[in-house]
Amino acid sequence: MIATAVISEKESEAEAYASLEELKSLVTTAGGTVMATTVQNRPTPDVSTYVGKGKADEIEGLVEEWEADVVVVNGELSPRQGQSLAARTSARVIDRTQLILDIFADRARTKEGRIQVELAQLTYLLPRLRGQGHALSRLGGGIGTRGPGETKLETDRRHIQKRMDELKKELRRIRKHRSTLRKQKERQNHPQFTLVGYTNAGKTTLLNALTNEEALAEDLLFATLDPLTRALRLPSGLSVRISDTVGFIRGLPTTLIAAFRATLEEVSEADVLIHIIDATSPEAETEKQTVMELLDELGAGDIPVITVMNKAENLEEDGVPTVNAGRPRLYASAREKQNIDDLQTVMEDELIKQMSFYSISIPAGDGRRLYEIRHSTIVREETFDEANELYKLQGYAFDHHPQIAAERKTDKKEDHR
C-alpha cells in the first residue's frame, strides 16, 4: 500500500507527520502494510486530484515499483478528487475516512455495531456511487471494500436510501430499548462511569485492572468497538457501572459519529468520565484536545472528568509529558495495576461532590434495606446500637435515592411538628 498526504498551510509539519504515522498504524490495524509514503506541501489540496498532477504521476510510479494494490490518502477525498486520482493510477484509491470505516466493519461484533457501521458506510458512499462499481471491480476484495459490498453499491440510489432508512429505524428501536435498560439501571442507583480517550490509550486494559476481568485488549487502534459495561465495587462498598467506549481519533468521520450516536450516548449519560491519556505519546496534548472537542460535540462537555495519565511504567524520570489537564489527575499503569486503588478513591471523591450527606438508622432485622444502603450509597461510618438493635449509617447519596429521600422527607415532617 502507498500512503500519501498533503501538508497544508493550516497545520505544522510535525502535526502532519504525526498524523501520517497514525495513518500507518491504521493500515496495520486493517491488516495492510505501507510500503512507501509520499507527501506534498501546498496551501490546500488540489480540487481535482487532491495532490498535484506531478505528484499523482509520482504516486503511480511508486505503485508500479512496489506493485501496490491500494493508495491511501491521509485526508477525506471529495467524490471528484477520488475519481480523478483513481483515473491516474492502476491501484484502488481510498481515503482516511474509508480506511477507518473499513476497520470498523471488520471489528463490529454486535448486531448494533454492524448496523451502525453499515449506515456510516452507506452515508459516506452514497455521494460517491458514480464510478465506484468500476473502481471496486478492478481488484476485487481487500482493504477498503469490507462492509456493504460491491453488489449494494451498484444498485440505484433509491434502493440504498431505502436501506439507510431501514437501518435508521432499527437504530431507533435499539435506542428505545437502551433507554429502557438505562432507566432500570437508574432505579438500581448504580452510578455510571465511562472510560473515554484517544484510541489505543489503554481504556480496555484499565477496565480490566479495575474490574479484574479479561476483556480483549490489543495493541491496535480501535481494539474496542462495541460498548462494554462491567460492574465494580468501590472501596466504600458502593456498586457502580463502568463502560468502555470506542477510542477517539483526529479526523473521526462525521458519518461515524452520527451513526454511532446511540452507542456514544453511554458517554453523555455518565455521572463521571474517566479520560485516559497515553502518557508516553509525544502527541499527548493534541490527542487530549481531540477527545475534549469530541466530548463537546456529543454534549458531554460539562460532565466531571478524572484524568488518568496511563502507561506510566514506560515513562523516564525526565519524560513526563506536558499536558494541560484539569484536576483530579493521577499517573497510573493499567497494565501493571499501579495506582488503581488511588483511582478508585478519586472516583468516590468525585461522586461525593454530586451527592448529599445523610444519617439513617435501620432496624437490625431489616437486612434487605441494610444491604441496599451499603451497596447504593457511599457509607463513611457504620455503628450498631445494641440497646435499640439499630444500625446507624452515615455517608453520601444522590438526592434521588428513594430510601434516603423518603427518610429525609420523614425527618422534615417530624421537625415541622
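Which residue takes a positive phi in the hairpin of strand 12 and strand 13? Glu389 does, with a value near 50 degrees, and the hairpin has four residues between its strands. The model is predicted, so to speak a computed picture: local features need pLDDT of at least 70, side-chain atom pairs count only at pLDDT 80 or more, and totals for chains, interfaces and linings use all residues. Residues are numbered from 1 along each chain as its sequence is written, and side-chain values use heavy atoms, with hydrogens and water left out. Helices (H or I, at least four residues) and strands (E, at least two) are DSSP runs, numbered from the N terminus.

Strand 12 (residues 378–385) runs antiparallel to strand 13, and seven bridges join the two; strands count as paired if DSSP finds at least two bridges between them. Within this pairing, Ile378 stands opposite Tyr396 of strand 13. Strand 13 (residues 390–397) also pairs with strand 11 (residues 356–363), again in the antiparallel sense, over eight bridges. Here Pro363 has Leu390 of strand 13 as its bridge partner.

Rings of Phe, Tyr and Trp (its six-membered ring) pair if their centres lie within 6.5 Å, and planes under 30 degrees apart count as stacked, over 60 as edge-to-face and the rest as tilted. By this rule there are two aromatic pairs. One of them joins Phe357 and Tyr396 edge-to-face, at 5.7 Å centre to centre and with 75 degrees between the planes. This pair links distant parts of the chain, with Phe357 in strand 11 and Tyr396 in strand 13, 39 residues apart.

Strand 8 (residues 272–278) and strand 9 (residues 305–310) pair in the parallel sense over six bridges, and Ile277 stands opposite Met309 of strand 9.

Another open sheet has four strands in the order 2-1-3-4, with parallel pairing. Strand 2 (36–41) and strand 4 (92–95) stand at its edges, and each has a single partner strand, so one side of each lacks a neighbour in the sheet. The twist averages 20 degrees from one strand to the next. Strand 3 (residues 70–73) runs parallel to strand 4, joined by four bridges, with Val72 opposite Ile94 of strand 4.

Helix 1 lies across strand 1 (2–7), strand 2 and strand 3, and runs at about 155 degrees to strand 1; contact here means heavy atoms within 4.5 Å. Helix 1 (residues 13–29) also packs with helix 4 (residues 96–107), at an angle of about 35 degrees and with the axes 10 Å apart. On the helix 1 side, Ser19, Glu22, Leu23, Leu26, Val27 and Thr29 meet Arg96, Leu99, Ile100, Ile103 and Arg107 of helix 4. By class, that contact has six nonpolar, two polar and three charged residues; Ala, Val, Leu, Ile, Met, Phe, Trp, Tyr, Cys and Pro count as nonpolar, Asp, Glu, Lys and Arg as charged, and the others, Gly among them, as polar.

Helix 4 has a further partner in helix 5 (residues 111–125), at about 155 degrees and with the axes 9 Å apart. The two are therefore roughly antiparallel; the label applies over 145 degrees, whereas angles under 35 count as roughly parallel, 65 to 115 as roughly perpendicular and the rest as oblique. Thr97, Gln98, Leu101, Asp102, Phe104 and Ala105 of helix 4 meet Val117, Ala120, Gln121 and Tyr124 of helix 5. This contact has six nonpolar, three polar and one charged residues.

Finally, helix 9 (residues 203–211) packs with helix 13 (residues 340–352) at about 85 degrees, with the axes 10 Å apart. These helices are therefore roughly perpendicular to each other. Leu206, Ala209 and Leu210 of helix 9 make the contact with Ile340, Leu343, Gln344 and Met347 of helix 13. By class, there are six nonpolar, one polar and no charged residues.

Definitions and conventions:
Axes fitted to C-alpha atoms, helices over the stretch in contact; angles between N-to-C directions.
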